Amino acid sequence: MTLDLPDWPMFGLADDIRPSLRAAMAADKPSALVTLHTVEGGGPRPPGTQMLFADGLVSGFLSGGCVEGDVAIHAAQTLGDGAPRHLVYGEGGPWPDIRLLCGARIELLVERVGADDPSARTLLARTDARQPANWISDGSSRCIEAGQAGDGACAVELQPFRIRRLYEPTPRLVVVGADPTAIAVAALGAQAGFETTLVRPRGPERAPELAGVAYSRAEPAEAFETIGIDPWTAIAVATHDWEVDQAALLAVLPSPAPYVGVLGARRWLPERLHRLRAAGVTEPDLARLKAPIGLDLGGKAPWEVAVAVIGEIVAQRTAAHPQLDETPA
């Protein structure tokens, strides 16, 4: 078997390999899972980064173009014979002609995952239940253990060798609003990989034509209950209607949502906070509110605000996980 990469690496836009793993298993195809578990000297991708290969399918990227083609060759070999492979690129690696221009040294594990692999099925079941899971593997045998915050994205043990890779629930984004700014935030959120829902209370029956965006006409509290707000759900309130904003914030500020932001002019913030306090919102919950919403990028157009909002959500989500040197490899 050969695995040819397309001319344009659109496959690298997906950072989560689970949808591709699900697709491969549904098609009764084995897959080769590649996990970057060790990085030395900096690089564009952190430990825990993955690619997945199957017949007619590829997802993820590891280095920005330096090693993907060669990794595809080894993935095809693993699919063929079932044997795991340990790959090293950079200093000490066996392929001196494959250079990482950033000077990094990276190590990867390639393992074959069968279409009926029980650990893979457990992983996908926990994904559907929005439960964190640790994938623990030595390349030949694997298991799934419950995960939790603080586990870290990836860890490796050398004696005996095994890796642990944490899978968290897919991040969610709920946008409350109906104007072009709310639509832009929802659209960009979906493009950025969030499971996105646009909530427009008492809105039209017809959903907006936004790829990857679900739609709810319910009142905020009802919509939030149906969607399910958890520690991986961000809320962006952008209605320009103080009553709807108030109802949404009262419902979500006491929730486990890690990000709650509201659109509005800074000069109205004291009045907004006063109304929330009067309604019983606690000071710790008020301190979590991002108002005005989004990073201060200076733009006011819908897509400019959307970039600011998604940027702030991503910045908060990754704050506890410092990134490696992002020099292209």
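Tutor: Let's start at Leu108, which touches Val34, Thr35, Leu36, His37, Leu62, Arg85, His86, Leu87 and Tyr89, not counting residues up to four places away in sequence. Contact here means heavy atoms within 4.5 Å. Before going on, keep in mind that this is a predicted model: local features need pLDDT of at least 70, side-chain atom pairs count only at pLDDT 80 or more, and totals for chains, interfaces and linings use all residues. Residues are numbered from 1 along each chain as its sequence is written, and side-chain values use heavy atoms, with hydrogens and water left out.

Leu108 sits in strand β5 (residues 105-113). Strands (E, at least two residues) and helices (H or I, at least four) are DSSP runs, numbered from the N terminus. Because its relative accessibility is 0%, Leu108 counts as buried; the cut-offs are under 20% relative accessible area for buried, over 50% for exposed and partly exposed in between, with a 1.4 Å probe and protein chains only. Along the chain, Ile163 is 55 residues from Leu108, yet their C-alpha atoms are separated by 10 Å.

Next, strand β9, which holds Arg164. Arg164 has 18% relative accessibility, so it counts as buried too. Leaving aside neighbours within four places in sequence, Arg164 is in contact with Asn134, Trp135, Ile136, Asp151, Gly152, Ala153, Cys154 and Ala155. Cys143 is 21 residues from Arg164 in sequence and 9.7 Å away in space, C-alpha to C-alpha.

Gln159 and Pro160 are joined by a cis peptide bond, with omega about -10°, and Pro160 lies in the loop between β8 (154-158) and β9 (161-167). Another cis bond links Ala291 to Pro292, with omega about -5°; Pro292 is in the loop between β15 (289-290) and α9. Arg202 is in the loop between β11 (195-199) and β12 (213-216), while His240 is in the one between β13 and α6. Arg202 is exposed because its relative accessible area is 57%, and His240 is exposed at 57% as well.

Two packed helices are described by the angle between their axes and the distance between the axes. Helix α5 (residues 220-227) packs against helix α6 (residues 242-252) at about 40°, with the axes 8 Å apart. Those axes are lines fitted to C-alpha atoms, for helices over the stretch in contact, and angles run from 0 to 180 degrees between N-to-C directions. On the α5 side, Pro220, Ala221 and Phe224 meet Val244, Ala247, Ala248, Ala251 and Val252 of α6. By class, that contact has eight nonpolar residues, no polar and no charged ones. Ala, Val, Leu, Ile, Met, Phe, Trp, Tyr, Cys and Pro count as nonpolar, Asp, Glu, Lys and Arg as charged, and the others, Gly among them, as polar.

Phe224 turns up again in the largest nonpolar core: of its 25 residues, Phe224, Ile235, Leu249, Leu253, Val260 and Leu289 touch the most other members. Such a core is a set of buried Ala, Val, Leu, Ile, Met, Phe, Trp, Tyr and Cys residues joined through side-chain atoms within 4.5 Å. Two or more residues come from each of β10 (172-176), α5, β13 (233-237), α6, β14 (259-262) and α7 (269-278), and α6 gives the largest share, four residues.

Leu253 is worth a zoom. Beyond four places in sequence, Leu253 is in contact with Val260, Leu276, Val281, Asp285, Leu286, Arg288 and Leu289. Asp285 belongs to helix α8 (residues 283-287) and counts as buried at 18% relative accessibility.

Last stop: the second largest pocket, with about 530 Å³ of space. Of its 23 lining residues, Leu263, Gly264, Pro292, Ile293 and Lys300 are closest to the centre. α6 and α9 (302-318) each supply at least two lining residues, and by class the lining has ten nonpolar, six polar and seven charged residues. On a 1 Å grid over the protein atoms alone, a pocket is an open set of points where a 1.4 Å probe fits, with protein on both sides within 12 Å along at least five of seven lines; lining residues have an atom within 4 Å of a point. Grid points are joined across faces, edges and corners, and the volume is the space filled by probe spheres set on the points.
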